[in-house]
Amino acid sequence: HPVNVAIVGATGAVGETMLKILAEREFPIGQLHLLASERSAGDKVEFGARQVVVQDLAAFDPAGIDIALFSAGGSVSKEYAPKFAAAGAVVIDNSSAFRQDDDVPLVVAEVNPEAMKQRPRGIVANPNCSTMQMLVALAPIHREAGIERINVATYQSVSGTGRKALEELGRQTAGMLNFQDPKPEVYPVQIAFNVIPHGGDFCDNGYTTEEMKLVWETRKILGDESIQVNATVVRVPVFYGHSEAVHIETREKIGAARVRELLQSAPGVEVVDEREGGGYPTPVTHASGNDPVYVGRIRDDISHPRGVSLWVVADNIRKGAALNAVQLAELVLAERNA
Ligand code: A2P
């Protein structure tokens, strides 16, 4: 049975990709409603053979919507997600608005799909992009050897910040090659030809909110409050694809060889691990525009008897946001068809 789908934030970097992925995966769509702010209302978007007109979210009646994919920021989700849920839709929310709520499941399709079933508010949260790709790679290791501690440094692309950040990196890069001074607007300092150790807002403990998401989202998704996570989030001048240097310590010794073997058959993972130039994934050569979470540089940590190091790369807009949201929508579809 075709389902009626709404995309809230349809004109954004993630919303557009949601639409593309729904088409690629031939999601059985009945009615399709594309919603954004009144700024984009009236714009036309192609979807297969259809031309869909973007509507103003504030003026939209959600009655009859079966599944609503939200990616328009936390404040939009807080205000409108409960209204869509009250009208009968299952809301899959990409913002951080509900992720910490006990009565809202936080789900990575390959890791904890069973958590989808308990959604008393009709809302399911899509995890943060960095947590998403890290856990697709780490969940199989955790199940076998128990992860005690994770040390992670991220190298995050600008697309995670939204369309304005993509434009800022392009504008600053072009400008600087023409001897113009960069004007930071989206980021606090120049992003072109630079790296910025700052994502989100600063917390009292000196970490940033983007770093703390890696801590508590990991615990909630893996269902293990004892996992220790130490994160440093860094924004780099890459358009699409987040990379992560991940160092884990397990309860039982596992070793790089077994980790490689586990990941070779793990859902959603592609191992790229030849010990030579180019034998590892990068955002540009592998992740950008593709679905898998790529893992390379798998090696035993010479500084710790139960440590393994890995390099994890994925398209933050696809697996990190839009793809996982569509996978969750497919799980809802499977329930309806069961
Ligand atoms: P619009 O294009 O009309 O501003 P991104 O994360 O790439 O910046 O995209 C944000 C998305 O969220 C866009 O589709 C944007 O629509 C939408 N959006 C932002 N604020 C609102 C709002 N107040 N109401 C509805 N949609 C919004």
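Here are some exercises on this predicted model, each with a worked solution.

Residue numbers start at 1 in each chain and follow the sequence as written. Because the model is predicted, local features need pLDDT of at least 70 and side-chain atom pairs count only at pLDDT 80 or more, while totals for chains, interfaces and linings use all residues.

**Exercise 1. Work out how the protein is divided into domains, and what the side of domain 1 that touches domain 2 is made of.**

Solution. Start with the bounds, which come from an automatic or database domain assignment. Domain 1 takes 3-127 + 321-337, and domain 2 takes 130-316. Next, the spacing: the centres of the two domains, taken over C-alpha atoms, are 25 Å apart.

Now the contacts (two residues are in contact if their C-beta atoms, placed from the backbone, lie within 7 Å). Domain 1 puts in 14 residues, and they meet 18 residues of domain 2. On the domain 1 side, helix H8 (residues 318-337) gives the most, with three residues. Helices here are DSSP runs of H or I with at least four residues, strands are runs of E with at least two, and both are numbered from the N terminus.

For the sorting, Ala, Val, Leu, Ile, Met, Phe, Trp, Tyr, Cys and Pro are nonpolar, Asp, Glu, Lys and Arg are charged, and the others, Gly among them, are polar.

**Exercise 2. Find which residues of H5 are buried and what covers them.**

Solution. H5 runs over residues 209-222, 14 residues in total, and reaches 20 Å from first C-alpha to last, close to the 20 Å expected at 1.5 Å a residue. That expected span is 1.5 Å times one less than the number of residues. Its buried residues are Glu210, Glu211, Lys213, Leu214, Glu217, Thr218, Lys220 and Ile221. An α-helix has 3.6 residues a turn, so residues three or four places apart point the same way. The cover includes helix H3 (129-145), strand E9 (147-156) and strand E10 (228-235). Just past the helix, glycine 223 has a positive phi of about 65°.

**Exercise 3. Two residues are listed by UniProt under "binding site"; work out how they sit relative to each other.**

Solution. The unreviewed entry names Gln156 and Arg235. They span 80 residues in sequence, yet no two of their C-alpha atoms are more than 4.7 Å apart, so they gather at one spot. UniProt positions follow the numbering used here, feature names are shortened, and annotations may be inferred rather than shown by experiment.

Take each in turn. Glutamine 156 lies in strand E9 and is buried, with 25 other C-beta atoms within 10 Å. Beyond four places in sequence, its contacts include Ser130, His242 and Asn316. Arginine 235 lies in strand E10 and counts as buried, with 26 C-beta neighbours inside 10 Å. Among the residues it touches are Gln156, Tyr187 and His198.

**Exercise 4. Which residues other than glycine have a positive phi, including one in a loop and one in a strand?**

Solution. Recall that most residues other than glycine have a negative phi. Phenylalanine 179 goes against that with about 65°. It lies in the loop between helix H4 (163-177) and H5, and with 6 C-beta neighbours inside 10 Å it counts as exposed.

Arginine 297 has a positive phi near 55° and lies in strand E13 (residues 293-300). It counts as partly exposed, with 18 C-beta neighbours inside 10 Å. Tryptophan 311, in strand E14 (residues 307-314), touches Arg297 among others.

How values were computed. Buried ≥ 20, exposed ≤ 12 C-beta atoms within 10 Å, placed from the backbone.
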